[in-house]
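The sequence and the model are shown first.

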Amino acid sequence: MSEPAPVSMIPLDILIIEDNADTRDNLRDILELDDHRVVLAATAREALAIKEWSRFSAVILDRRLPDSTAEALMPTLRARAPGASVIVVTGFADLEGAIAALRQGAADYILKPINPDMLRTSLSRIAERLRLALEKKRSESVFRHLVEAAECLIVILRGDCAIEYFSPFAERLCGYSEAEARGHNLLELLGLRGNHDAERFLKIASTAPVQGFQARITGRDSARRWIDWNARPLADYEHGPAVMLVGHDVTSLKEAQEQIVKSERLAAIGEVVAGLAHESRNALQRSQACLEMLALKVQDRPDALDLIDRLQSAQDHLHHLYEDVRQYAAPFIIERQLCDLREIWREAWSNLERVHHEKQAVFTELCNGVDLHVAADRFRLGQVFRNLFENALAASPTPAQLEITARHSARGARPAVEIALHDNGPGIPSDARLKIFEPFYTSKAKGTGLGLAIARRILDAHGGRIESVVDERPGATFRITIPRDQP
């Protein structure tokens, strides 16, 4: 005894287009016995009058109808129900007709009288394809939900590094929507063009999995972030090979590591400078005493007195240099208390009263009702504002114009206050915008170049930020972001 023909795995919605009433009824009985849902039509016109074609998974179509043929009707059926498989039935063993039907997209070609087992076998294949398609759709849906929820960059590239997929997290981090990113070269979009290590990483990833490559990307807002990339090739992604990249934002970790190294380096510098200051203090004092005595002996020689003044000035400068470096290198102990930023900057401004009177300076506050209370070290922030005011007054012409503005902001997940100080000086050249916060960098004839470096250290210790920003107005603008509360 032969094995029974396989039955379909899931019930299907099936449309039968057959002009012979006995054949229609016979087909319906067979299909309903297997729990399929059946709709009947005797002519092409009657079939085309049916609505909701999307419900059908299969169509059983008589090759010759009173008002049409399978060949003529197939294109319309494919357009109305693209997801439905078509089985053509006929009472004629016509090889050319079978080939024509299959070329037009028919799933099978069955002769009358219809063998129930053959029909069940054909429908079973259709049901299996439908099941696999549904599983693929579910799998893709689960994958998409996981990708959209993941707090990492997920990018899929074609062989030419063209972006095929850009995850929601990648959109938020980089500032480009998927529509904007799609089709663009990843290296160019994220500022990695010319990075030979990145190019080599992607080349290797096209053939084998690669892990742990770190590169610094540049987003739409010009912010630079460190990303740790993993990659693997995809043999078939939407009908072609591709590479999937998964990137984790490690900027905070890198900054913390750099801060540790910097702190260790500063501690070493501080110890050396403290030793130098201690050892040189006596020598400087002896030199000063000798210069004072020498000045008494050459009071009648103006040229000699001028040289002595220069020596004393050089010694004072050396003393201040030691103190500035010691202060810069010494570890900060932040003593937080609730304080009003307006009171801090007004006190710093009043301490420079002599200077800003000479400059006939106009100081304007634009706070627009912003709450300026923060948990911070009042003394340290006073140093920051004093340094910024001194620089602005030194750079600005007479009358000097200084404007301070405030607004609500955020530093990561922490609420913060953003302060911007603008002056009417010559501004800061673009090539110096990052260098000005480096130790010993200065454009002044006098000074150690440590003021802004110390200011940045103070803001870093508060979990804040200071930066020089581009302003449409002439002059320089510094922006300070201070968290409202303790970390």
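## Charged pairs and helix packing

Asp-108 is buried, with a relative accessible area of 17%; buried means under 20% relative accessible area, exposed over 50%, and partly exposed in between, with a 1.4 Å probe and protein chains only. The model is predicted, so local features need pLDDT of at least 70 and side-chain atom pairs count only at pLDDT 80 or more, while totals for chains, interfaces and linings use all residues. Residues are numbered from 1 along each chain as its sequence is written, and side-chain values use heavy atoms, with hydrogens and water left out.

**Overall composition.** The protein chain comes to 15 helices and 19 strands, where helices (H or I, at least four residues) and strands (E, at least two) are DSSP runs numbered from the N terminus. Of its 487 residues, 42% count as buried. Among contacts between residues at least 6 apart in sequence, 62% join residues at least 24 apart; contact means heavy atoms within 4.5 Å.

**Salt bridges.** Side chains of opposite charge can pair when their charged atoms come close. A salt bridge is taken here as a side-chain nitrogen of Lys or Arg within 4 Å of a carboxyl oxygen of Asp or Glu, and by this rule the count comes to 31. Three of these pairs are listed below.

| Salt bridge | N to O distance |
|---|---|
| Glu-71 and Arg-63 | 3.0 Å |
| Asp-108 and Arg-125 | 2.8 Å |
| Arg-378 and Glu-343 | 3.6 Å |

In the pair of Glu-71 and Arg-63, joined by a salt bridge, Glu-71 is partly exposed at a relative accessible area of 22%, whereas Arg-63 is buried at 11%.

The side chains of Asp-108 and Arg-125 also meet in a salt bridge. Asp-108 lies in strand S7 (residues 108–111) and Arg-125 in helix H5 (residues 116–149), so the pair ties together parts that are 17 residues apart in sequence. Arg-125 is partly exposed, its relative accessible area being 41%.

A salt bridge likewise joins Arg-378 and Glu-343. This pair links distant parts of the chain, with Arg-378 in helix H14 (residues 378–395) and Glu-343 in helix H12 (residues 341–350), 35 residues apart. Both partners are partly exposed: Arg-378 has a relative accessible area of 27%, and Glu-343 has one of 45%. Elsewhere, salt bridges that share partners join Arg-158, Glu-164, Glu-178 and Arg-182 into one network.

**Packing of H12 on H14.** Two packed helices are described by the angle between their axes and the distance between the axes. Axes are lines fitted to C-alpha atoms, for helices over the stretch in contact, and angles run from 0 to 180 degrees between N-to-C directions. H12 and H14 pack at an angle of about 50°, with their axes 8 Å apart. That makes H12 oblique to H14, given that angles under 35 degrees count as roughly parallel, over 145 as roughly antiparallel, 65 to 115 as roughly perpendicular and the rest as oblique. H12 passes H14 in a right-handed crossing; a crossing is right-handed if the near helix is turned clockwise from the far one by less than a right angle, and left-handed if anticlockwise.

The residues of H12 that meet H14 include Ile-344, Trp-345 and Trp-349, and those on the H14 side include Leu-381, Phe-385 and Phe-389. The residues of this contact divide into nine nonpolar, one polar and four charged. In this classification, Ala, Val, Leu, Ile, Met, Phe, Trp, Tyr, Cys and Pro count as nonpolar, Asp, Glu, Lys and Arg as charged, and the others, Gly among them, as polar.

**Packing of H14 on H15.** The axes of H14 and H15 come within 9 Å and cross at roughly 145°, and the crossing is left-handed. Among the H14 residues in this contact are Leu-381, Val-384 and Leu-388, which face a set in H15 including Leu-452, Ala-455 and Ile-458. By class, the contact has seven nonpolar, four polar and one charged residues.

Helix H15 (residues 451–461) has as its buried residues Leu-452, Ala-453, Ile-454, Ala-455, Arg-457, Ile-458 and Leu-459. Just after H15, Gly-463 takes a positive phi of about 75°.

Ser-85 is found in strand S6 (residues 85–90) and is buried, with a relative accessible area of 15%. Leaving aside neighbours within four places in sequence, Ser-85 is in contact with Ser-57, Ala-58, Val-59, Ala-107, Ile-126 and Arg-129. Tyr-165, in strand S9 (residues 163–166), is buried at a relative accessible area of 5%.
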